[in-house]
Amino acid sequence: MGETLGLYLHIPFCRSKCDYCDFYSLAGQDGRMDEYQKALLRHIGESAPLAKKSVVNSIYIGGGTPSWYGEKRLTELLSAVKKKFNVAKGAEVTLEVNPDSVTEKMLRHLRRMGVNRISMGMQSACDAELQAVHRPHTFQQVVDGVAAVREARIRNLNLDLIYGLPGQTEESWQDSVEKALELKPEHLSCYGLTVEPGTPLAARVERGERLPDDDTQANLYLWTVERLAQAGYQQYEISNFAKTGFQSRHNLKYWMGRPYMGLGAAAHSDFGGCRYAFVRDLEQYIRGVLEGGPLLSESEQIPPRERCSEYLMLRLRTVHGIEEWEYRREYYMNFDPLAAKLSEYEQNGWAVRAGRRWHFTPEGFLLSNRLIGELLELQEAATLSNTLEKIRGGELPGNMLKKNGG
Ligand code: SF4
């Protein structure tokens, strides 16, 4: 059996644009869906031979709002993927949906096409909070959407929630979490609101609107981790919680540094030792695929031994964490400086050691940007001293540092 691969398809269309959204998604461009579909189908056909040695064990259709793209187009995409790629029996097939654009009939049909996991944007149970960021649905539509998922006999449901929304209080957030729990999802993703530059929300903040501050967000987060643990959801990543056996296979690929191929405008890939992304421009993407214009917006070869910083950045987002010998074996690096720092974090209650593995606690996750930054600095210093030792030992020519600007 070949290497396993995650396949991601990006659908950049939405009914309307939410104020905080920084994803590549477009409202008011539905007239271009057919042309985009043509390009994406061709792209699937042309990319599949590159993955002929791989077995696709997760497919993720994300966006944008894939459910807004319509049953017929989604069916065509799934048929094309099944026909062109080696898709494993039992592959996880996730469809992102918004509550206002799903019906039981659509989901039943897509289940027959292989969709076995739904990720629904709920965000809040409070309609005023939903309206405050221009979400296109109400909480009642979430309730109806979840009923449609269950009636369609799809047994793996994720709900996305956001804490820190404008006007949100501790009580209203807790009420949203409780209402989400009543819907009995197998998986919950709880993200803190971030104000992305260039979004309508950023403009509102610039005009003086106040949002729940960092301390409030931290309290909401810590309360959530505890409440979800009580309700039987295991935290397996900073923002992700699942019942046993329902961790997202696709998302784990990103965090564990496994290969994935993304197709569609703005889709990213880590495949064949190369990290690359397609243009974040609908028209350029369509022309690129159908007429042979430039398609890539970035591309970088990353040899396996240079992935040690990704190892820290991605694995430390998860409760699987990092392990000394894994690190030494894969990257030929000294773990001692990291171990000393992690022991300091342990004393502060930010990290724990389980056997040889280290991972952050919820308090550590809250500080993860800073803590990972500190570990990366130590890693960089260790890389430099590794290189100097090799030069002293005659393994590298002395002028190599000069060539690289050192
Ligand atoms: S529905 Fe999702 S992708 Fe579309 S604008 Fe809102 S947050 Fe962005």
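Keep in mind as you go that the model in your viewer is a predicted one.

**Stop 1**

Most residues other than glycine have a negative phi, and most peptide bonds are trans.

Now jump to Ala-266, where phi is again positive, near 70°, in a residue other than glycine. Look for Ala-266 in the loop between strand S11 (260-263) and strand S12 (268-271). Is Ala-266 buried or exposed? Ala-266 is buried, because 20 other C-beta atoms lie within 10 Å and the cut-off for buried is 20 or more.

**Stop 2: the ligand and its shell**

Next, select the ligand and the residues around it. The shell is made of Cys-14, Lys-17, Cys-18, Cys-21, Phe-23, Ser-25, Gly-63, Gly-64, Thr-65, Asn-98 and Gly-121. Colour these residues by type and you will find four nonpolar, six polar and one charged.

Zoom in on two of them, Gly-63 and Gly-64. The peptide bond between Gly-63 and Gly-64 is cis, with omega about 25°. Gly-64 belongs to the loop between strand S4 (54-63) and helix H2 (66-69).

**Stop 3: an enclosed strand**

Strand S5 (residues 87-97) pairs with S6 in the parallel sense over four bridges; here Thr-94 has Arg-117 of S6 as its bridge partner. Strand S7 (residues 157-163) also runs parallel to S6, joined to it by five bridges. To pick out one of the pairs, select Ile-118 and its bridge partner in S7, Leu-157.

**Stop 4: the nonpolar core**

Step back and look for buried nonpolar residues. In soluble globular proteins, nonpolar side chains tend to be buried together. Which residues have the most contacts inside the largest nonpolar core? They are Leu-7, Leu-9, Ile-59, Ile-61, Val-81, Leu-161 and Tyr-285, in a core of 96 residues. Both domain 1 (3-255) and domain 2 (306-403) give residues to this core, so it lies between them.

Setting aside its neighbours within four places in sequence, Leu-9 is in contact with Leu-40, Ile-61, Leu-77, Leu-263 and Gly-264.

**Stop 5: where the domains touch**

Colour the two assigned domains: domain 1 covers 3-255, and domain 2 covers 306-403. Their centres, taken over C-alpha atoms, are 32 Å apart. At the contact between them, 10 residues of domain 1 meet nine residues of domain 2. On the domain 1 side, at least two residues each come from helix H9 (214-230), strand S9 (234-237) and helix H10 (249-255). H9 supplies the largest share of that side, four residues. That side of domain 1 divides into eight nonpolar residues, one polar and one charged.

**Stop 6**

Within domain 2 (306-403), select three strands that form an open sheet in the order S15-S17-S16, with antiparallel pairing. Strand S15 (322-323) and strand S16 (351-354) stand at the edges with a single partner strand each, so one side of each has no neighbour in the sheet. S15 and strand S17 (residues 357-360) are joined by two bridges. Show Ile-322 together with Trp-358, its bridge partner in S17.

**Last stop: across the model**

Finish at Thr-169, in the loop between S7 and H7. With 13 other C-beta atoms within 10 Å, Thr-169 is partly exposed.

Definitions and conventions:
Residues are numbered from 1 along each chain as its sequence is written. This is a predicted model: local features need pLDDT of at least 70, side-chain atom pairs count only at pLDDT 80 or more; totals for chains, interfaces and linings use all residues. Two strands pair if DSSP finds at least two bridges between them. A residue is near a molecule or strand if its C-beta atom, placed from the backbone, lies within 6 Å of it. Ala, Val, Leu, Ile, Met, Phe, Trp, Tyr, Cys and Pro count as nonpolar, Asp, Glu, Lys and Arg as charged, and the others, Gly among them, as polar. A residue is buried if 20 or more other C-beta atoms lie within 10 Å of its own, exposed if 12 or fewer, and partly exposed in between; C-beta atoms are placed from the backbone. Domain bounds come from an automatic or database domain assignment. Two residues are in contact if their C-beta atoms, placed from the backbone, lie within 7 Å. A nonpolar core is a set of buried Ala, Val, Leu, Ile, Met, Phe, Trp, Tyr and Cys residues joined through C-beta atoms within 7 Å.
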